[in-house]
Amino acid sequence: MALTAPQLSAQTFKMALGDAAGGTQWELGKTFAEKLSDKTGGKAKVDLFPNGQLGTEQDTVNNAAIGLLDFSVLAINNVTPFSPTVGLLTMPYVIQSAEEARVLTQGDIGKELVENTIRDAGVRIIGWAYSGFRVLTNSKRPVKTPEDLKGLVIRVPRNEIMIASYQALGINPTPMAWSETFTGLQQGVVDGQDNPYITISAMKFNEVQKYVTNIRYIFSMEPLIISESVFQEQSPEMQKAILEAGQEATVHSFEFLQNTEDRIKKELVAKGMEISEPADNEKAWIESVTTVVWPKFYNSIGGKEKLDNALEQLGR
């Protein structure tokens, strides 16, 4: 039900998006904007700025923290430097399905990470985009085993867990800002990168990449954050509307992934991409990465028991 006019004054918020229009970030942001407008009788308007127009994803965390930006949707790995315990959600091979991603973000673990992010980073997570596994793409050759990676230059975000994962597979990846990635691939500065199918499509990576490997090392999630100082400035009615709109947009994002990923995979194949499955159910990848990376990051995520608890909640 829309809130009555006397409870709210008209406001226009700005929302930054790292990705181009058409991806899961855009879908989450657009849906949130529509829901918030409905709940406030049109009083609250959200303007979306895709494709990093308002700065890099990590810049937007900084700007939201000091109240210069209202909202941002960004990859979870770009929140981790500001609130390390969120790195639990990027620990390789922990999340093995979209349903497991939903269990962790919507349950007690997710609530704790929201509180930690308010404390550590000055931003509040109010919604989640579920984007699918970060599959590996490259322009050189099919990759099925970690050995096939040798000699390839792979772009990664500036995220310690993701860098360490590739190092455990035997290569030194190249950290590169998201805004520079398409050009880096186009010019051959890097040979490959990893992202969900929906992002690959939205960013038109099929124009500069041919080979896809269906690895499952990280399930990509993109939180919708609001500046905590901006949130606290709102009336109780507006805060309630913002939180409800975030939750409803999250539900929509999960359904959007289920309804679109298979179609997008087929479209990318039709555009010339070749998809390979990792050899032996990814066994060599999993063993190489988890045995090295998990112990290395126990402290940053809050202790080994945090990971054990997450695995227990997922029935493993």
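A: Let's start with Y93, which is buried at a relative accessible area of 5% (buried means under 20% relative accessible area, exposed over 50%, and partly exposed in between, using a 1.4 Å probe and protein chains only). A quick caveat: this is a predicted model, so local features need pLDDT of at least 70 and side-chain atom pairs count only at pLDDT 80 or more, while totals for chains, interfaces and linings use all residues. Residues are numbered from 1 along each chain as its sequence is written, and side-chain values use heavy atoms, with hydrogens and water left out.

Y93 sits in the loop between β3 (71–73) and α3 (98–106); helices (H or I, at least four residues) and strands (E, at least two) are DSSP runs numbered from the N terminus. Most residues other than glycine have a negative phi. D280 also has a positive phi, about 55°, and is not a glycine either. D280 lies in the loop between β11 and α10 (283–296), and at 58% relative accessibility D280 counts as exposed.

The largest nonpolar core has 74 residues, and V94, Y166, F219 and L307 touch the most other members. Such a core is a set of buried Ala, Val, Leu, Ile, Met, Phe, Trp, Tyr and Cys residues joined through side-chain atoms within 4.5 Å. A second, separate core of 24 residues includes L8, L17, M238 and I242. Back with Y166, contacts (heavy atoms within 4.5 Å) beyond four places in sequence go to L136, I154, V156, I171, P173, D194, I215 and Y217.

Helix α9 (residues 236–270) is worth a stop too, as S253 has its place there. S253 is buried, at 3% relative accessible area. Leaving out residues up to four places away in sequence, S253 touches L28, W128, A129 and Y130.

On to the charged pairs. The whole structure has 16 salt bridges, each a side-chain nitrogen of Lys or Arg within 4 Å of a carboxyl oxygen of Asp or Glu. One of them joins K35 to E248, with the closest N and O atoms 3.9 Å apart. K35 lies in helix α1 (residues 24–39) and E248 in helix α9, so this pair ties together parts that are 213 residues apart in sequence. K35 is partly exposed at 29%, and so is E248 at 32%.

Another bridge runs from R124 to E228, the closest N and O atoms being 2.8 Å apart. Since R124 lies in strand β4 (residues 123–133) and E228 in helix α8 (residues 228–233), the link spans parts that are 104 residues apart in sequence. R124 and E228 are both buried.

Then there's K210 with E274, where the closest N and O atoms are 3.5 Å apart. K210 is in the loop between α7 (197–202) and β9 (211–213) and E274 is in strand β11 (residues 274–276), so the pair connects parts 64 residues apart in sequence. K210 counts as partly exposed at 32% relative accessibility, and E274 is partly exposed at 37%. To finish, salt bridges that share partners join K35, K39, K240, E244 and E248 into one network.
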